[in-house]
Amino acid sequence: MDVIISNVPFGNYPITDKAYPKKVTSAIHNYFFAKSLDKVRPGGIVMFITSSFTMNASDTTVRQYMMERADLLGAIRLPNTAFKGNAGTEVVTDILILKKRESGTEYAGEDFLEADYDSNYGTYTSNYFKNHPEMVLGKPVVKRG
(Lines give C-alpha, C1' and ligand atoms only; values in the text may rest on other atoms or scores of the structure.)
Protein backbone atom coordinates (compact mmCIF):
# COMPACT_ATOMS: atom_id res chain seq x y z
CA MET A 1 0.00 0.00 0.00
CA ASP A 2 1.35 3.44 -0.88
CA VAL A 3 -1.08 5.85 0.81
CA ILE A 4 -3.62 5.64 3.62
CA ILE A 5 -5.86 8.69 4.12
CA SER A 6 -8.69 8.85 6.63
CA ASN A 7 -10.74 10.91 9.01
CA VAL A 8 -10.32 8.34 11.78
CA PRO A 9 -12.91 7.86 14.52
CA PHE A 10 -12.01 9.70 17.73
CA GLY A 11 -12.52 8.51 21.28
CA ASN A 12 -11.25 6.54 24.21
CA TYR A 13 -12.72 3.33 22.84
CA PRO A 14 -10.22 0.55 23.46
CA ILE A 15 -9.38 -1.98 20.77
CA THR A 16 -8.48 -5.57 21.57
CA ASP A 17 -5.44 -6.41 19.48
CA LYS A 18 -2.64 -8.24 21.29
CA ALA A 19 -0.18 -7.29 18.55
CA TYR A 20 0.00 -3.76 20.01
CA PRO A 21 0.82 -2.31 23.44
CA LYS A 22 -2.26 -1.49 25.56
CA LYS A 23 -1.44 2.22 25.61
CA VAL A 24 -1.57 2.19 21.79
CA THR A 25 -4.92 0.39 21.70
CA SER A 26 -6.60 2.36 24.52
CA ALA A 27 -7.96 4.99 22.09
CA ILE A 28 -9.35 4.04 18.69
CA HIS A 29 -7.76 7.01 16.87
CA ASN A 30 -4.28 6.01 18.07
CA TYR A 31 -4.83 2.39 17.11
CA PHE A 32 -5.62 3.50 13.54
CA PHE A 33 -2.19 5.15 13.36
CA ALA A 34 -0.38 2.04 14.61
CA LYS A 35 -2.26 -0.38 12.36
CA SER A 36 -1.91 1.86 9.29
CA LEU A 37 1.83 2.30 9.80
CA ASP A 38 2.12 -1.47 9.83
CA LYS A 39 0.11 -1.81 6.62
CA VAL A 40 1.68 0.92 4.47
CA ARG A 41 4.93 0.06 2.67
CA PRO A 42 8.21 1.82 3.52
CA GLY A 43 8.10 5.19 1.78
CA GLY A 44 4.30 5.18 1.98
CA ILE A 45 2.25 8.03 3.39
CA VAL A 46 -0.29 7.98 6.23
CA MET A 47 -2.40 11.13 6.40
CA PHE A 48 -5.13 11.33 9.02
CA ILE A 49 -7.51 13.83 10.50
CA THR A 50 -7.42 12.98 14.19
CA SER A 51 -8.27 14.30 17.60
CA SER A 52 -5.89 16.91 18.99
CA PHE A 53 -5.32 14.47 21.85
CA THR A 54 -2.97 12.41 19.65
CA MET A 55 -0.51 15.32 19.69
CA ASN A 56 -1.48 16.86 23.05
CA ALA A 57 -1.50 13.76 25.27
CA SER A 58 0.86 13.95 28.25
CA ASP A 59 1.71 10.27 27.69
CA THR A 60 4.15 10.02 24.78
CA THR A 61 3.67 6.27 24.11
CA VAL A 62 1.67 6.63 20.89
CA ARG A 63 3.86 9.38 19.44
CA GLN A 64 6.96 7.34 20.31
CA TYR A 65 5.41 4.35 18.52
CA MET A 66 4.84 6.50 15.43
CA MET A 67 8.33 8.04 15.56
CA GLU A 68 9.92 4.57 15.67
CA ARG A 69 8.27 3.76 12.34
CA ALA A 70 7.70 6.98 10.43
CA ASP A 71 8.85 10.56 9.93
CA LEU A 72 6.44 13.41 10.52
CA LEU A 73 6.28 15.39 7.29
CA GLY A 74 3.94 17.95 8.80
CA ALA A 75 0.93 18.65 10.95
CA ILE A 76 -1.83 21.23 10.81
CA ARG A 77 -4.11 22.12 13.74
CA LEU A 78 -7.64 23.02 12.66
CA PRO A 79 -10.00 25.19 14.72
CA ASN A 80 -12.91 23.62 16.56
CA THR A 81 -15.30 25.01 13.92
CA ALA A 82 -13.62 23.31 10.94
CA PHE A 83 -16.31 20.59 10.70
CA LYS A 84 -19.24 22.42 12.27
CA GLY A 85 -20.99 23.14 8.98
CA ASN A 86 -20.91 19.66 7.46
CA ALA A 87 -20.69 17.34 10.49
CA GLY A 88 -22.18 19.45 13.26
CA THR A 89 -19.14 18.92 15.49
CA GLU A 90 -17.04 21.42 17.37
CA VAL A 91 -13.72 19.81 18.21
CA VAL A 92 -10.10 20.78 17.65
CA THR A 93 -8.59 18.41 15.12
CA ASP A 94 -5.17 17.84 13.61
CA ILE A 95 -4.08 16.65 10.21
CA LEU A 96 -0.94 14.52 10.58
CA ILE A 97 1.17 13.48 7.60
CA LEU A 98 3.64 10.64 8.21
CA LYS A 99 6.06 8.86 5.89
CA LYS A 100 6.95 5.30 6.85
CA ARG A 101 10.67 4.57 7.06
CA GLU A 102 12.59 1.44 6.20
CA SER A 103 13.07 -0.67 9.32
CA GLY A 104 16.29 0.23 11.12
CA THR A 105 16.63 3.74 9.67
CA GLU A 106 16.89 6.77 11.94
CA TYR A 107 14.15 9.31 12.47
CA ALA A 108 14.52 12.30 10.14
CA GLY A 109 11.23 14.15 10.60
CA GLU A 110 10.09 17.00 12.80
CA ASP A 111 10.16 16.29 16.53
CA PHE A 112 6.64 15.81 17.84
CA LEU A 113 7.21 13.60 20.88
CA GLU A 114 6.69 16.00 23.76
CA ALA A 115 3.62 17.85 24.98
CA ASP A 116 4.06 20.15 27.97
CA TYR A 117 1.54 21.45 30.46
CA ASP A 118 0.54 24.97 29.48
CA SER A 119 -0.68 26.90 32.52
CA ASN A 120 -2.12 29.61 30.23
CA TYR A 121 -4.64 27.09 28.89
CA GLY A 122 -4.72 24.54 31.71
CA THR A 123 -4.02 21.68 29.30
CA TYR A 124 -1.16 19.81 27.71
CA THR A 125 -0.10 21.27 24.38
CA SER A 126 2.06 19.72 21.69
CA ASN A 127 5.52 21.23 21.49
CA TYR A 128 5.34 20.77 17.72
CA PHE A 129 2.55 23.34 17.54
CA LYS A 130 4.30 25.62 20.04
CA ASN A 131 7.37 25.55 17.77
CA HIS A 132 5.27 25.95 14.61
CA PRO A 133 2.48 28.46 15.35
CA GLU A 134 2.13 28.98 11.60
CA MET A 135 0.66 25.45 11.44
CA VAL A 136 -2.22 26.38 13.79
CA LEU A 137 -5.29 27.79 12.07
CA GLY A 138 -7.13 30.13 14.40
CA LYS A 139 -6.23 31.40 17.85
CA PRO A 140 -6.01 28.99 20.80
CA VAL A 141 -8.47 29.75 23.60
CA VAL A 142 -9.88 27.67 26.43
CA LYS A 143 -13.66 27.33 26.75
CA ARG A 144 -15.42 25.32 29.41
CA GLY A 145 -18.92 23.85 29.39
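Me: What makes the angle between α2 and β2, and which strands does α2 lie across?
Reply: α2 lies across β1, β2, β3 and β4, and runs at about 175° to β2. Axes are lines fitted to C-alpha atoms, for helices over the stretch in contact, and angles run from 0 to 180 degrees between N-to-C directions. Helices (H or I, at least four residues) and strands (E, at least two) are DSSP runs, numbered from the N terminus. The model is predicted: local features need pLDDT of at least 70 and side-chain atom pairs pLDDT 80 or more, while totals for chains, interfaces and linings use all residues. Residues are numbered from 1 along each chain as its sequence is written, and side-chain values use heavy atoms, leaving out hydrogens and water.

Me: Why do β1 and β3 count as edges?
Reply: The open sheet has the order β1-β2-β4-β3, with mixed pairing. β1 (3-7) and β3 each have a single partner strand, so one side of each lacks a neighbour in the sheet.

Me: How do you know that β2 and β4 pair?
Reply: Pairing needs at least two bridges found by DSSP. Seven bridges join these antiparallel strands, so they count as paired.

Me: Why is F129 called buried?
Reply: Its relative accessible area is 4%. Buried means under 20%, exposed over 50%, partly exposed in between (1.4 Å probe, protein chains only), so F129 is buried.

Me: What makes F129 and M55 a contact?
Reply: Contact means heavy atoms within 4.5 Å. Beyond its neighbours within four places in sequence, F129 in this way touches residues including M55, A75 and M135.
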